[in-house]
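Have the viewer open while you read.

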Amino acid sequence: MGNAAKKIDSKNNKIQELKDLIRNSSKTTLEEKIKNLKIDLQEAEDKSLLKYDHWISNIKIKASIIQIVFRVHFFTKDAKVLCKDSLGKSNPEITHKIAHDFIQEYSNLTSGTIERGLVNSGIDLEKFDLAVHLPEKSPSYDEVNLDKELKSNKFADCWKLSFNSGDIFCVSEILISDFDALSKLKEIGATTLSVTDSGDVEFL
């Protein structure tokens, strides 16, 4: 195998490691936050539901060599199901705002898990200016065409987390500005996360 082919393989492997890190982080973070809820990570083969009005929580993890955008596409009714299981409250007591705040907090915790995975792979916080932005929430007024979006960005990924009778859809977008620096990192893997009874986050 020539040097060019080896570089392509190395690049593809790192991209897949990043995608796996983000997917696994999205699942393990939700499992830690809601310990008694069974959550299945599945391929998002049918994205037709997202053609209707829903909400999007968006957060960025940025470093000098890479930028990751993690998005959660969700319906309020599904956010209320998750919030109910997390807080132990009945559905009527959970307001629209509480449910949406829950998803934004989840997005923030997930980004923290992703960040820790990057740090463990060798991305130094100061050297690479690694930082996590605050999550932003917006309604999807316009029709979302994720199939078209994913085809236009080969470093994008989409999956869904299924629970009880609901789902949330997750999307990641990866922008790499320095492949050489990225290729020198050790294997990128998920970090174990634990949420304490007081709500604090511990990375193990």
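## Buried spots and a helix crossing

C170 has a relative accessible area of 0%, so C170 is buried (under 20% counts as buried, over 50% as exposed and in between as partly exposed, with a 1.4 Å probe and protein chains only). Bear in mind that this is a predicted model, where local features need pLDDT of at least 70, side-chain atom pairs count only at pLDDT 80 or more, and totals for chains, interfaces and linings use all residues. Residues are numbered from 1 along each chain as its sequence is written, and side-chain values use heavy atoms, with hydrogens and water left out.

Here are the buried residues covered in this report:

| Residue | Relative accessibility |
|---|---|
| C170 | 0% |
| C83 | 1% |
| K14 | 9% |

As for disulfides (cysteine sulfur pairs within 2.5 Å), the structure has 0. C170 is in none, and its nearest cysteine sulfur, that of C158, sits 8.0 Å away.

Now the helices (DSSP runs of H or I, at least four residues, numbered from the N terminus). The axes of α2 (residues 76-87) and α3 (residues 96-121) come within 8 Å and cross at roughly 80 degrees. That makes α2 roughly perpendicular to α3 (a label for angles of 65 to 115 degrees). In contact (heavy atoms within 4.5 Å) are residues including C83 and L87 of α2 and F102 and I103 of α3.

K14 belongs to helix α1 (residues 3-33). Beyond its neighbours within four places in sequence, K14 touches L182, S183, L185, K186, E187 and I188.

Technical notes
Axes are lines fitted to C-alpha atoms, for helices over the stretch in contact, and angles run from 0 to 180 degrees between N-to-C directions. Helices (H or I, at least four residues) and strands (E, at least two) are DSSP runs, numbered from the N terminus. Angles under 35 degrees count as roughly parallel, over 145 as roughly antiparallel, 65 to 115 as roughly perpendicular and the rest as oblique.
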